[in-house]
Amino acid sequence: MTKTLYAEFTVKAGSEARVAEMMAELTQHVRNESGNELFLPYTREENPREYFVFEVYRDEAAFQEHITADYGARFNEELARHIEGDASELTWLKPVV
């Protein structure tokens, strides 16, 4: 069954360029993963520092394994320094209901 997962976060002022670069790298990395259908990071027009990240996977376990084990630890550690608030939500993306 296909599931859609999401994260949302606000980037600190001055970190926009680095976060955009990180998201582009992650997009390319995730698109190469088995079972992946879509990875789409974007910003809200009304607040360009608010990012939304969507993942659509056939296999949710594959996504969780990929983000947390294969790529996510270092990525989340750096991203946490560039966003406002708690970065823990970025480790386990929330299902869209």
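Tutor: Before we look at any residue, take contact to mean heavy atoms within 4.5 Å. This is a predicted model, in which local features need pLDDT of at least 70 and side-chain atom pairs count only at pLDDT 80 or more, while totals for chains, interfaces and linings use all residues. Residues are numbered from 1 along each chain as its sequence is written, and side-chain values use heavy atoms, with hydrogens and water left out.

Student: What pLDDT does the chain average?

Tutor: pLDDT is the predictor's confidence in each residue, from 0 to 100. The chain averages 78, and 73% of its residues score at least 70. Confidence is highest in β4, with a mean of 92, and lowest in α2, where the mean is 71.

Student: How many helices and strands does the chain have, and in what order do the elements run?

Tutor: Helices (H or I, at least four residues) and strands (E, at least two) are DSSP runs, numbered from the N terminus. Here the chain has two helices and five strands, and reading from the N terminus gives the order β-α-β-β-α-β-β. Of the contacts with a separation of 6 or more, 67% join residues 24 or more positions apart.

Student: Which residues in α1 are buried, and why do they lie where they do around the axis?

Tutor: An α-helix has 3.6 residues a turn, so residues three or four places apart point the same way. In α1 the buried residues are Val19, Met22, Met23, Leu26, Thr27 and Val30. They cover an arc (that of the directions from the helix axis to the C-beta atoms) of only 140°, which puts them on the same side of α1.

Student: Which residues of the largest nonpolar core touch the most other members?

Tutor: A nonpolar core is a set of buried Ala, Val, Leu, Ile, Met, Phe, Trp, Tyr and Cys residues joined through side-chain atoms within 4.5 Å. The largest one here holds 18 residues, and those touching the most other members are Phe9, Val19, Met23, Leu79 and Leu90. Two or more residues each come from β1 (3–11), α1 (16–31), β3 and α2 (60–80), with α1 giving the largest share, five residues. Leu79, for example, is in contact with Phe9, Val19, Met22 and Leu90 once its neighbours within four places in sequence are left aside.

Student: Which residues does Arg49 touch?

Tutor: Arg49, also in strand β3, is partly exposed, because its relative accessibility is 23%. Residues up to four places away in sequence aside, Arg49 touches Phe9, Thr10, Val11, Lys12, Ala13, Glu16 and Glu84. A polar atom of the Arg49 side chain lies 2.3 Å from the backbone oxygen of Val11, and the Arg49 side chain also makes a polar contact of 3.1 Å with that of Glu84. Arg49 and Lys12 are 37 residues apart in sequence, yet their C-alpha atoms are 7.3 Å apart.

Student: Where is His82 found, and is His82 buried or exposed?

Tutor: His82 is in the loop between α2 and β4 (83–84) and counts as buried because its relative accessibility is 15%. Outside the four places on either side in sequence, the residues that His82 touches are Val11, Lys12, Ser15, Arg18, Val19 and Met22. Gly85, by contrast, lies in the loop between β4 and β5 (94–95) and is exposed, because its relative accessibility is 66%.

Notes
Buried < 20%, exposed > 50% of the residue type's maximum accessible area, 1.4 Å probe, protein only. Polar contact = N/O pair within 3.5 Å; in protein donor to acceptor, adjacent residues only side chain to side chain.
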